[in-house]
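Trainee: I keep running into labels on this model and I'd like to know what backs them up. Can we go through a few together?

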Amino acid sequence: MPQPTDTRILDVEGLEVHFAQRAGMFNREVGTVRAVDGVSFTIDKNETLGLVGESGSGKTTIGRSILRALDPTGGRVDFHVGNEVVDLATLSGKGLRSIRQHMQMIFQDPYSSLNPRMTVRDIIAEPLIVNKLCKGDELEERVRDIALQCKLNVEHLRRYPHAFSGGQRQRIGIARALVTNPSFVVADESVSALDVSIQAEILNLLGDLQDQLGVAILFIAHDLSVVAHLSHRVAVMYLGQLVELAETGQMFSRPRHPYTEALLSAIPAIDPSRGMRRIPLLGEMPSASEPPSGCRFHTRCPYAEDRCHTDEPEWREIEPGRMVRCHFSDTLELRGADDSA
Amino acid sequence: MSGSTERILKVRDLGVTFHTSDGDVRAVDGIDLNVDRGQIVGLVGESGSGKSVCTRALIKLLPSTAKIDSGTVMELTTGGGVVDIAQIGRRDRRMNQIRGGEIAMIFQEPMSSLAPTYRVGNPIVEAARLHRDLTKQEARHVALDLLERVGISEPSRRIDQYPFELSGGMRQRVMIAVALASQPRLLIADEPTTALDVTIQAQILDLLRELRDEFEMSIIFITHDLGVISQIADDVAVMYLGKIVETGTVHDIITDPEHPYTSKLLDAIPRLDRLNERLSAIPGDIPSPLARPPGCPFHTRCEQAIAGRCEVTMPDPIAVSASHLVSCHLHDKEAEAASATAN
């Protein structure tokens with residue numbers, strides 16, 4: 001069991017979430033969807049780890065299983081709270097309930113994630129009441145403080161969500177997530193539903209709040225530019241596994257996994273003269289119930305060799321702090337996002 | 001696509017008003033738009049800017065609460081004549097020929113735009129037979145060709161599958177095949193890649209460009225994503241609250257924006273080449289269309305607004321170059337100078 005350290009918040013080791021696939025009249029189990037299949041990473045205090053991947057890669061499942069909205073089927077999730085380390089993957093009942101105030105979620109859709117029948121004050125106060133953290137004047141003060149920090153107008157706390165715009169609603173969602181002063185937050189596509197001008201504001205707000213509160217964030221998104229902007233490190237996911245993890249600048253300027261390279265090349269550059277020099281990915285993502293043999297990416301990899309069809313590459317550290325899952329990371333010359341044509 | 005500049009669509013002063021229980025909303029507030037043959041025109045704007053309503057008005061796909069209350073939509077027809085779509089009733093026979101025939105449309109949601117109980121080939125065959133007078137056999141061949149053309153593997157197997165058996169990217173390809181079945185001269189693509197992953201998005205953008213080159217088809221491409229626009233559009237129109245505030249070539253708009261809204265929008269996007277810079281958000285929210293601000297619609301959020309002018313009169317479009325029009329009082333001086341030399 002890892003010892004508490006000054007800097008670490010989360011140690012995820014070999015996390016697995018498998019779903020039983022059922023079919024037929026008696027709901028027999030016909031297969032297993034390996035949504036998350038052996039994922040390991042760490043998050044430090046005050047750090048944002050970006051998690052990217054295509055739809056179906058399992059990135060949302062990771063976030064939900066760490067927060068125990070889903071139960072992991074294997075692995076460890078060591079969460080550092082104060083001087084203690086608890087394994088979130090096996091925690092249950094009272095132990096889990098007492099830990100929930102330290103980890104929260106910011107949702108994607110600011111329209112459906114707020115109860116339309118509750119006032120903004122009630123929405124923000126609910127986590128404090130449920131966790132019995134404070135009441136009375138102390139509670140009101142806490143709600144007002146966090147609302148102010150999230151740049152909400154405290155005069156409007158008695159209104160209902162319908163009176164607010166998308167950007168304001170997302171700020172309400174953020175205030176609700178941060179009101180218990182959590183040390184770890186999962187933000188799952190939290191800015192994807194917003195217009196660019198509002199998105200910029202929310203990204204700035206998340207950055208500011210992290211500086212003020214020191215909260216660690218697992219930032220899940222499919223938009224790589226957004227992830228790059230907010231994250232200190234980025235992890236790339238493909239078919240239930242991480243394929244690369246590195247410091248943001250390094251990852252974008254010099255990817256070490258062919259899938260990362262392909263993803264980066266598909267980002268439309270905001271520069272008409274540049275044009276896209278994308279590396280086409282062949283076909284579609286295979287099914288997570290029957291992942292390909294060997295390297296899971298070999299069916300679409302432009303550099304795949306015989307070995308990739310049979311041997312599964314290890315998740316290995318190629319430089320300090322740089323993890324990759326590819327046999328040929330040391331020899332491939334891959335292009336980053338800012339290489340000119 | 002220089003050389004031939006045959007104008008196939010000319011929109012002038014188009015206005016669309018929604019009659020709601022809370023009052024009238026003019027969602028499209030007098031816009032001008034030109035589309036040439038083989039040209040890709042990007043229509044950019046945030047939600048509520050009226051970009052979708054405007055293109056739906058072009059093919060009379062508006063809900064019954066909405067009325068076109070001004071303007072003309074002149075379309076150069078296949079035969080060489082010109083019709084004003086704004087004057088044709090939405091259930092008129094002629095409109096049925098234009099909608100889906102001369103002007104086809106693809107939508108954002110590939111998951112919900114295909115009927116789940118029909119085989120994939122069905123809508124393609126239907127569109128081809130409806131608009132091109134083909135036999136069943138011929139139409140099926142057309143459908144197979146199109147499915148192959150849009151990059152669907154094993155078209156002869158896929159054509160008899162149901163939509164649920166296809167991924168999001170493949171469904172969007174099927175939608176494009178449906179739209180192409182009538183050999184349209186103009187394709188309206190409303191956020192066709194927004195729901196797709198970046199890798200699939202890149203494939204669809206490539207496909208649309210190839211189709212444009214091959215068939216000299218024109219495309220109106222609606223999106224909120226300036227990155228996508230800069231990769232696909234020839235000309236761009238930026239919309240804000242029902243008005244087009246700036247038009248120009250893609251270079252004009254992306255590298256040389258003249259309207260404060262356009263430059264703010266560009267600054268708000270996280271860019272990989274400016275990783276550690278703070279994003280500049282646009283202050284405030286988009287005003288409610290029910291309470292449209294007088295004068296320039298952007299003045300409530302504009303840092304350069306000129307008191308006594310911007311909140312009073314709507315600026316006229318001013319040509320800052322041959323291709324580049326901007327509606328902003330900051331350019332009034334240039335407009336005065338231009339009119340002085342003209343006099």
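Trainee: Why is Phe164(A) called buried?

Mentor: This is a predicted model, and in it Phe164(A) has a relative accessible area of 7%. The cut-off for buried is under 20%, so Phe164(A) gets that label.

Trainee: Where is Phe164(A) placed, and which residues does Phe164(A) touch?

Mentor: Phe164(A) sits in the loop between helix H4 (136–149) and helix H5 (166–178) of chain A. Leaving out residues up to four places away in sequence, Phe164(A) touches Val120(A), His156(A), Arg159(A), Arg169(A) and Ile172(A). Asp137(A) is 27 residues from Phe164(A) along the chain, and their C-alpha atoms are separated by 26 Å.

Trainee: On to the other chain. How do you know whether chain B agrees with a compact globule?

Mentor: For 343 residues a compact globule would come out near 20 Å, and chain B has 21 Å, so chain B agrees with it. The C-alpha trace of chain B spans about 65 × 50 × 50 Å along its principal axes. Buried residues make up 53% of chain B. Among contacts in chain B with a separation of 6 or more, 62% come from residues 24 or more positions apart.

Trainee: And how many helices and strands does chain B have?

Mentor: Eleven helices and twelve strands.

Trainee: What makes the pair Arg278(B) and Asp208(A) a salt bridge?

Mentor: The closest N and O atoms of Arg278(B) and Asp208(A) are 3.0 Å apart. The limit is within 4 Å, for a side-chain nitrogen of Lys or Arg and a carboxyl oxygen of Asp or Glu, so this pair counts as a salt bridge. The count between chain A and chain B is one salt bridge, along with ten residue pairs in polar contact, both residues at pLDDT 80 or more.

Trainee: Which elements of chain A give two or more residues to the side that touches chain B?

Mentor: Helix H6 (196–213), helix H7 (224–230) and helix H8 (248–253) of chain A. H6(A) gives the most, with nine residues. By type, that side of chain A divides into 18 nonpolar, twelve polar and eight charged residues.

Trainee: How much area do chain A and chain B bury between them?

Mentor: About 3,500 Å², with 58% of it on carbon and sulfur atoms. In chain A, Val196(A), Ile270(A) and Pro272(A) lose the most area to chain B, together 20% of what that side buries. The contact takes 38 residues from chain A and 39 residues from chain B.

Technical notes:
Residues numbered from 1 in each chain as written. Chains lettered and ligands numbered in written order. Predicted model: local features only at pLDDT ≥ 70, side-chain atom pairs only at ≥ 80, totals over all residues. Heavy atoms only, no water. Contact = heavy atoms within 4.5 Å. Buried area = accessible area lost by both parts, 1.4 Å probe. Polar contact = N/O pair within 3.5 Å; in protein donor to acceptor, adjacent residues only side chain to side chain. Helix = DSSP H or I, 4+ residues; strand = E, 2+ residues; numbered from the N terminus. Nonpolar A, V, L, I, M, F, W, Y, C, P; charged D, E, K, R; others polar. Buried < 20%, exposed > 50% of the residue type's maximum accessible area, 1.4 Å probe, protein only. Rg over C-alpha atoms; globule rule 2.2 N^0.38 Å.
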